[in-house]
Amino acid sequence: MERNKSHVLDSVSFAVRSLIDHVRLFVMVLLAGTGVIALVVGLIALFNKGLIQSILSSQALQDYQECVGYNCASVAYQSGASMMAMISSNIVTVIISGVIVALFFVGIDLGFKKVALQLHDRHNSSVKEMFSCFHLTPKAIVGWILYAIMVWIGWIFFILPGFIALLRFAFFPYFIIDKHAGPIQALKMSWHVTKHHVWDLFALWVMMKIIVYLGFMSGVGVILIWPLSTLAYAFFYRKLVAEAGKTEPHFRSAA
């Protein structure tokens, strides 16, 4: 038990140390990521310019902004219905925009997870690695959809199964990056290596939630939430894979 607890503490410790030791890298990653995100969001906004202008100039939005007290509930319902009608009339562009945004953010997230793994393995990485995993986004999106479905189904059945699924399938993106696994295989591998670590994962999840809370409370700390959690999970992933590799050869090295 002590060995497993140390994995949780060591994961957070590794995340903090890496952030401090590679502060220049993370500043560059933050600047590069923010710039690219601004560009993509700007292009999406331009692509949906007509819809955005229609919503901003609509009477429904003005009514909602001007409503007071309990009246806001009915106004919000009416405004929502009106805005949904506008979105429905532009459904093709909305869907295309949604797909592009999903592909982009999933690709960035995979890239950052790769940076975290490289910092663990060889204590260095580069900004360009954050943009090196876009070819894996189709696999990851399928994985995320399956992950969400399994967690959702679990939540329907007395909540606890959904929470267990949330914890045990959480490492599937790392298997897609590290083992080049398909989405279903990655989910299975995540489930397998976490078999005896549910309480450890729960402890890590709680610690990450505390960090998130403190980050939002401090304001400035919000920008540290993503790198800290990604680094902590990358460390924990490596420990899980190393333990599984002692008895199962296909977990010992990246494919």
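Helices (H or I, at least four residues) and strands (E, at least two) are DSSP runs, numbered from the N terminus. Keep that in mind for these exercises on a predicted model, where local features need pLDDT of at least 70, side-chain atom pairs count only at pLDDT 80 or more, and totals for chains, interfaces and linings use all residues. Residues are numbered from 1 along each chain as its sequence is written, and side-chain values use heavy atoms, with hydrogens and water left out.

**Exercise 1. Confidence**

Task: Find the helix where confidence is lowest and the helix where confidence is highest.

Solution. 
Step 1. Start with the score: pLDDT is the predictor's confidence in each residue, from 0 to 100.
Step 2. Go down to the helices. Confidence is lowest in helix α4 (residues 59-66), with a mean of 64, and highest in α9, at 96.
Step 3. A word of care: where pLDDT is low, the predicted coordinates should not be read in detail.

**Exercise 2. A serine in a helix**

Task: Locate Ser229, decide whether Ser229 is buried or exposed, and find which backbone oxygens lie by its side chain.

Solution. 
Step 1. Ser229 has its place in helix α12 (residues 222-245).
Step 2. Use the cut-offs: buried means under 20% relative accessible area, exposed over 50%, and partly exposed in between (1.4 Å probe, protein chains only). The relative accessible area of Ser229 is 18%, so Ser229 is buried.
Step 3. Now the side chain. A polar atom of the Ser229 side chain lies 3.0 Å from the backbone oxygen of Ile225. A polar atom of that side chain also lies 3.1 Å from the backbone oxygen of Trp226.

**Exercise 3. Helix α6 from end to end**

Task: Compare the reach of α6 with the span expected for it, then describe the residue that follows α6.

Solution. 
Step 1. The expected span of a helix is 1.5 Å times one less than its number of residues.
Step 2. α6 has 32 residues and reaches 46 Å from its first C-alpha to its last, close to the expected 46 Å.
Step 3. After α6 comes His123, with a positive phi near 60°. His123 is a residue other than glycine, and its place is in the loop between α6 and α7 (137-156). His123 counts as exposed because its relative accessibility is 56%.
Step 4. His180 is in the loop between α9 (172-178) and α10 (183-193), and is partly exposed at 44%.

**Exercise 4. A nonpolar patch**

Task: Work out which helix gives the most to the nonpolar patch.

Solution. 
Step 1. Phe47, Ile91, Val92, Ile95, Ile96, Val99, Ile100 and Leu103 form the patch on the surface, with about 670 Å² of accessible area together.
Step 2. Helix α6 (residues 91-122) gives the most, with 7 residues.
Step 3. Check one member: Ile96 lies in helix α6 and counts as partly exposed, at 39% relative accessibility.

**Exercise 5. Salt bridges**

Task: Say how many salt bridges the structure holds and what the pair of Glu129 and Lys114 ties together.

Solution. 
Step 1. Side chains of opposite charge can pair when their charged atoms come close. A salt bridge is a side-chain nitrogen of Lys or Arg within 4 Å of a carboxyl oxygen of Asp or Glu.
Step 2. The structure holds 4 salt bridges.
Step 3. One of them joins Lys113 and Asp109, with the closest N and O atoms 2.7 Å apart. Both residues lie in helix α6, 4 residues apart, about one turn of the helix. Lys113 is buried at 10%, and Asp109 counts as buried at 15%.
Step 4. Glu129 forms a salt bridge with Lys114, the closest N and O atoms being 3.2 Å apart. Glu129 lies in the loop between α6 and α7 and Lys114 in helix α6, so the pair ties together parts 15 residues apart in sequence.
Step 5. Asp121 and Arg238 meet in a salt bridge at 2.7 Å, N to O. This pair links distant parts of the chain, with Asp121 in helix α6 and Arg238 in helix α12, 117 residues apart. Salt bridges that share partners join Asp121, Asp178 and Arg238 into one network.

Key
A polar contact is a pair of N or O atoms within 3.5 Å; within protein, one must be able to donate a hydrogen and the other to accept it, and residues adjacent in sequence count only if both atoms are side-chain atoms. Patches are made of residues with over 30% relative accessible area and no salt bridge: like charges are joined within 9 Å, nonpolar side chains (Val, Leu, Ile, Met, Phe, Trp, Tyr) within 5 Å. Accessible areas come from the Shrake-Rupley method with a 1.4 Å probe; for residues, only the protein chains shown count as cover.
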